[in-house]
Amino acid sequence: MPEYSPETLVYFENDFVHLRDAKVPILTHALNYGTGVFEGISGYWSADDQDLFLLRPDDHYRRWKNNCRMLQIEPALPAARLTEITAELIRLNHFQSDVYIRPICYMSTPRIGVRPDGKFQFAIVAIPFGVYLPSDAGIRACIASWRRIEDTAIPTRAKICGGYVNSVLATAEAHANGFDEAIFLSEDGHVAEGATCNLFIVRNGKLITPAPSDNILEGITRQCVIELARHEMHMETVERSIDRSELYAADEVFMTGTAVEIAPVTSIDRRQIGLGGVGVVTGKLRELYREASHGKIADYHHWLQPVYQPVMASLLKATPIEDPTLV
Ligand SMILES: Cc1ncc(COP(=O)(O)O)c(C=O)c1O
C-alpha cells in the first residue's frame with residue numbers, strides 16, 4: 001500500500017514542492033463539485049536494469065488530456081512534456097521501487113456556485129506503491145447493488161473525480177459484505193466493469209469484454225491485455241455485452257487496471273468461477289503482462305519510458321573518455 005511522506009516532492013502549480021505544501025483552499029470548485037479529472041499511471045522498478053519504467057505514460061497523458069477537454073480544463077502541455085515532468089519528479093525523489101503516479105487537473109477557483117469560469121490547475125504526484133489488491137490466489141467479487149453511472153449523466157470514459165462516488169459506494173458495500181471487489185451492472189442490466197477496473201471473461205476458448213458503449217472506462221491495461229492476447233496467444237478479444245448469469249457460467253473471469261494489474265476472480269456472489277483457481281488464460285496473461293511491464297519482452301519496449309537511463313546516457317556522452325582502453 002502507498003507510503004505518503006510529507007517530504008515527497010510533487011509537481012504543483014507549475015513547480016516542484018513538498019507534498020505538505022501542496023494544498024488547495026476549502027472552497028475550491030473541484031473539492032465542492034467533483035470537477036477534476038485524474039489519471040493513474042504505473043512505474044515499475046527493474047532491479048536487473050537498475051531503472052524505473054513508466055508504463056505507457058504517453059497513452060495515459062493523451063487520455064487525460066482528452067478527458068480534461070470534456071470539462072474544458074485541458075493543460076496546455078503536450079503528453080510528451082508531461083511524461084518528462086513525471087520522469088523528472090521520480091528522479092528528484094530518487095525512487096527505486098514501484099511507483100503510482102496520480103496526475104490531477106481541477107477547477108481551481110475558490111468560490112461558491114457551480115458555474116465554471118475556465119480557471120484550473122494541475123498537479124502530478126508520484127508515490128512508492130506496493131500491491132494494491134493481493135490477487136495471486138484470486139479475488140472474491142460481488143455484483144454491486146449500485147448501478148454504474150451512465151455516460152448520459154457523467155462521462156464514464158473520463159476519470160472525473162465526482163463520478164468516483166459511484167466506485168466508492170460500491171467498494172464500501174463490497175468490503176462490508178466480505179468481498180474484495182464490486183462489479184457494476186449498467187442501468188440496462190449488462191455487466192459494465194469493476195469499481196476501479198475493467199472486466200474480461202473467458203468462455204469456450206474466447207476472450208470477451210464489455211464494449212466501451214457499456215459505460216466502461218476505456219482502460220489502458222484492458223488495451224494491453226487485448227494486444228498481448230492477440231500477438232502472444234493468438235486470441236482475439238470479442239467486445240460485446242455480457243449478462244450477469246454469463247459471469248457465473250464463465251470458465252475464467254479477471255479484472256484489469258493500472259493498480260489491480262490482472263486480478264483473477266475466483267468467485268462472484270459466492271458462486272465459484274470455473275475450477276475456482278487461477279485459470280490458464282488468466283495465468284498466462286498475468287505472466288506476459290508482468291514481463292512486458294518490466295522490460296523483459298523486446299516487442300513491448302515501446303510501452304515503456306525509462307526514467308534513469310536517458311540521464312545516464314547523456315552524462316556518459318558529456319564525459320569524454322580519455323583512455324579508450326578503459327572502456
Ligand atoms: C472505473 C475504472 N475502470 C477501469 C479502470 C482501469 O483503467 P486502466 O487500465 O487505464 O488503469 C480504472 C482505473 O483506472 C477505473 O477507475
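## Terms and model

Ala, Val, Leu, Ile, Met, Phe, Trp, Tyr, Cys and Pro count here as nonpolar; Asp, Glu, Lys and Arg count as charged; the others, Gly among them, are polar. This is a predicted model, in which local features need pLDDT of at least 70 and side-chain atom pairs count only at pLDDT 80 or more, while totals for chains, interfaces and linings use all residues. Residues are numbered from 1 along each chain as its sequence is written, and side-chain values use heavy atoms, with hydrogens and water left out.

Helices (H or I, at least four residues) and strands (E, at least two) are DSSP runs, numbered from the N terminus.

## Cavities

The search of the whole structure finds two cavities of 30 Å³ or more. On a 1 Å grid over the protein atoms alone, a cavity is a set of points where a 1.4 Å probe fits but cannot get out; lining residues have an atom within 4 Å of a point. Grid points are joined across faces, edges and corners, and a volume is the space filled by probe spheres set on the points.

The largest cavity has a volume of about 60 Å³. Its lining is made by Arg-148, Ile-149, Ile-154, Pro-155, Thr-156, Ala-158, Ile-160, Gly-163, Tyr-164 and Ser-167. Six of these residues are nonpolar, three are polar and one is charged. The second largest cavity has a volume of about 50 Å³. Ile-41, Ser-42, Leu-55, His-60, Ile-220, Thr-221, Cys-224, Thr-258 and Tyr-289 line that cavity. Helix α5 gives the most, with three residues. Five residues in the lining of the second largest cavity are nonpolar, four are polar and none is charged.

## The largest pocket

A pocket is an open set of grid points with protein on both sides within 12 Å along at least five of seven lines. The largest pocket has a volume of about 680 Å³. It is lined by 33 residues, and the closest to its centre are Phe-38, Tyr-100, Arg-102, Lys-159 and Ala-259. The elements that give two or more residues to the lining are α2 (57-70), β6, β7, α4 (165-176), β10 (191-194), α5 and β14 (252-257). By class, the pocket lining has 17 nonpolar, 11 polar and five charged residues.

## Salt bridges

A salt bridge is a side-chain nitrogen of Lys or Arg within 4 Å of a carboxyl oxygen of Asp or Glu. The count by this rule is 21. For side-chain exposure, buried means under 20% relative accessible area, exposed over 50%, and partly exposed in between (1.4 Å probe, protein chains only).

Arg-20 pairs with Glu-7, with the closest N and O atoms 2.5 Å apart. This pair links distant parts of the chain, 13 residues apart: Arg-20 sits in the loop between β2 (15-18) and α1 (29-33), Glu-7 in the segment before β1 (9-12). Arg-20 is partly exposed at 37%, and Glu-7 is partly exposed at 46%. Arg-222 pairs with Glu-239 at 2.6 Å between the closest N and O atoms. Here too distant parts of the chain are linked: Arg-222 is in helix α5 (residues 220-233) and Glu-239 in strand β13 (residues 237-239), 17 residues apart. Arg-222 is buried at 4%, whereas Glu-239 is partly exposed at 40%.

Lys-284 and Glu-287 form a salt bridge at 3.7 Å, N to O. Both lie in helix α7 (residues 280-293), three residues apart, about one turn of the helix. Arg-56, Asp-59, Arg-62 and Glu-227 are linked in a network of salt bridges.

## Surface patch

Ile-26, Leu-27, Leu-31, Tyr-33, Ile-112 and Val-114 make a nonpolar surface patch of about 630 Å². Patches are made of residues with over 30% relative accessible area and no salt bridge; like charges are joined within 9 Å, and nonpolar side chains (Val, Leu, Ile, Met, Phe, Trp, Tyr) within 5 Å. Accessible areas come from the Shrake-Rupley method with a 1.4 Å probe; for residues, only the protein chains shown count as cover. Ile-112 lies in the loop between β6 (99-107) and β7 (120-128). Ile-112 is exposed, at 66%.

## Backbone angles

Most residues other than glycine have a negative phi. Asn-14 has a positive phi of about 65 degrees, although it is not a glycine. Asn-14 is in the loop between β1 and β2, and is exposed at 55%. His-234, also not a glycine, has a positive phi near 55 degrees. His-234 lies in the loop between α5 and β13, and is exposed at 70%.
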